[in-house]
Amino acid sequence: MKIKNSIQNNPKIQALLITGLCKFGNVSKAKNIFETSQTQDTVIWNAMINGLAQSGKGIESFELFQKMKKRGQVDIDIVTYGSILKGLLQSNDLKNFKQIYQEICSRN
């Protein structure tokens, strides 16, 4: 139980687990860690968005990105944008890719 508690309270470990699970095809377990995380910070969100993108789930990563934006409680950073753009390209979603690209340009 001590290990489980330290994982639940450490967003960096959770992010590593999410990344590894997605990399090895266990997206459902990664989603479970993400959804039950007590600290949903930028690192956790980026790990899940990137994990979905790497797993060929670009549309799902875009939907999660939109959810992240709606919440407004977490900063969107360069890692977030890089991950979402990668996912959209892999999904051939050029419309949303262009939208995100324009969003990035307008922030500068």
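Visitor: Why is Thr36 called exposed?

Guide: This is a predicted model, and in it Thr36 has a relative accessibility of 52%. The word exposed applies over 50%, so Thr36 counts as exposed. Thr36 is found in helix 3.

Visitor: What makes Ser37 count as buried?

Guide: Ser37 has a relative accessibility of 10%. Buried means under 20%, so Ser37 counts as buried. Ser37 is found in the loop between helix 3 (27-36) and helix 4 (42-54).

Visitor: How do you know that the side chain of Ser37 makes a polar contact with the side chain of Gln14?

Guide: The two side chains come to 2.8 Å in that contact. The cut-off is a pair of N or O atoms within 3.5 Å, one able to donate a hydrogen and the other to accept it, so the pair Ser37 and Gln14 is listed as a polar contact.

Visitor: Which residues is Ser37 in contact with, leaving aside its neighbours within four places in sequence?

Guide: They are Gln14 and Ile44. Contact here requires heavy atoms within 4.5 Å.

Visitor: Why is Lys86 called partly exposed?

Guide: Lys86 has a relative accessible area of 31%. Buried is under 20% and exposed is over 50%, with partly exposed in between, so Lys86 is partly exposed. Lys86 lies in helix 6 (residues 78-90).

Visitor: What does Lys86 touch, not counting residues up to four places away in sequence?

Guide: Lys86 touches Asn50 and Gln54. As for Ser61, its C-alpha is 9.8 Å from that of Lys86, and the two residues are 25 apart in sequence.

Note on methods: Residues numbered from 1 in each chain as written. Predicted model: local features only at pLDDT ≥ 70, side-chain atom pairs only at ≥ 80, totals over all residues. Heavy atoms only, no water. Helix = DSSP H or I, 4+ residues; strand = E, 2+ residues; numbered from the N terminus. Buried < 20%, exposed > 50% of the residue type's maximum accessible area, 1.4 Å probe, protein only.
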